[in-house]
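The following exercises concern a single protein model. Please work through each task before reading its solution.

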Amino acid sequence: MNIEMIRAAATRLSGHARVTPLLNSPFLDDIAGRRVWIKPECLQHTGSFKFRGAWSALSALDEGTRSAGVIAFSSGNHAQGVALAARMHGVPSVIVMPSDAPALKIENTRALGAEVVLYDRGSEDRDIIGAQLAEARGLTLIKPYDEQQVIAGQGTTGLEIAEQAAAVGVVAADVIVCCGGGGLTSGIALALEADAPGLRVRPAEPDGFDDVTRSLRSGGIERNSAVSGNICDAIITPQPGDLTFPIMQRLCGPGLVITEDEALHAMALAFLRLKVVAEPGGAAALAAALCRQDQIEGDDVIVTISGGNVDPALFQRALDTLE
């Protein structure tokens, strides 16, 4: 992985992905005790940053390989990103999704033209299911985070953050990133290392599923004891990626861990103060900025809202925290 791959991905994404803004609210600044700058990737195509990596990976394939179709594993956001990128390229896609994924994400993935294969997280192995389908149909696997071209695509978010932060005079700050397997986190870290070295990436994770935070602390890859059981489903992975962890280990600061209630309240505040819809996992970084003030230094902090694909009932739970 290198910055040239990220810049090449940015070129391929130009005209296809949205350049999302950098937002600010004085109300959130007051809560955090510093200026909070929000990068709302929930406004990206399919409602999350995942479209960037999906387009990057598909557009990097040779035409013959791509035309046979692609397959992906995902609880929802990567699924939708790959499904849309495949449809835009005119190629078939198969998405292996857990049966307990949010209904909205399953419905949207199908609506984008993908064939959805559901599996039980507790009793079935998605890797085996996917490998059998890929071999039988000649499909190319697009991994959700531990894939160079996916990381490169996610890294284009960091190129935009570097440019936008400089435009508002921010040259030194923590950049808190909602973190699952580390594709977005490592991609942004590589981009900022090149274009904004004063900005330091820090992963944000839910309590009980803080494998990256623990891995950064111990110096080796740590695994979560569970693979489900938290509303922040979009950023729950078994462990950091083999490609992403060395990048995060070299470039990231300590992780920040938030609770489900803090994620829900951050969702509500994002809606109230920014008019932005975030899903629980997508609000983890904002929750960390608002609730872990004593673990952050400096006058500014930048956070990603990585996704906004949330079922109405769960979003109502978030809004109820305002009462």
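**Exercise 1.** Determine which residues D195 touches, and state whether D195 is buried or exposed or in between.

*Solution.* Leaving aside residues up to four places away in sequence, D195 touches R7, L159 and A162, where contact means heavy atoms within 4.5 Å. D195 belongs to helix α9 (residues 183–195); helices (H or I, at least four residues) and strands (E, at least two) are DSSP runs, numbered from the N terminus. D195 has a relative accessible area of 35% and is therefore partly exposed, since buried means under 20% relative accessible area, exposed over 50%, and partly exposed in between (1.4 Å probe, protein chains only). From D195 to T259 there are 64 residues in sequence and 32 Å in space, C-alpha to C-alpha.

The model is predicted: local features need pLDDT of at least 70, side-chain atom pairs count only at pLDDT 80 or more, and totals for chains, interfaces and linings use all residues. Residues are numbered from 1 along each chain as its sequence is written, and side-chain values use heavy atoms, with hydrogens and water left out.

**Exercise 2.** Describe the strand pairing of β3 and the directions in which its residues point.

*Solution.* Begin with strand β3 (residues 70–73): V70 and A72 point one way, I71 and F73 the other way, and all are buried. Next, consider its partners; two strands pair if DSSP finds at least two bridges between them. Strand β4 (residues 93–98) runs parallel to β3 and is joined to it by 4 bridges, with I95 as the bridge partner of A72. Strand β6 (residues 140–141) also pairs with β3 in the parallel sense, over 2 bridges, and there T140 stands opposite V70.

**Exercise 3.** Identify the residues with the most contacts inside the largest nonpolar core, and trace the surroundings of V303.

*Solution.* A nonpolar core is a set of buried Ala, Val, Leu, Ile, Met, Phe, Trp, Tyr and Cys residues joined through side-chain atoms within 4.5 Å. The largest has 38 residues, and I38, I176, M267, L286, V303 and I305 have the most contacts inside it. Elements that each supply at least two residues of this core include β2 (35–40), β7 (173–178), α13 (284–291) and β10 (300–305). Not counting residues up to four places away in sequence, V303 touches V36, W37, I38, K39, I176, A285, L286 and A289. A second, separate core of 34 residues includes M5, I161, V212 and L216.
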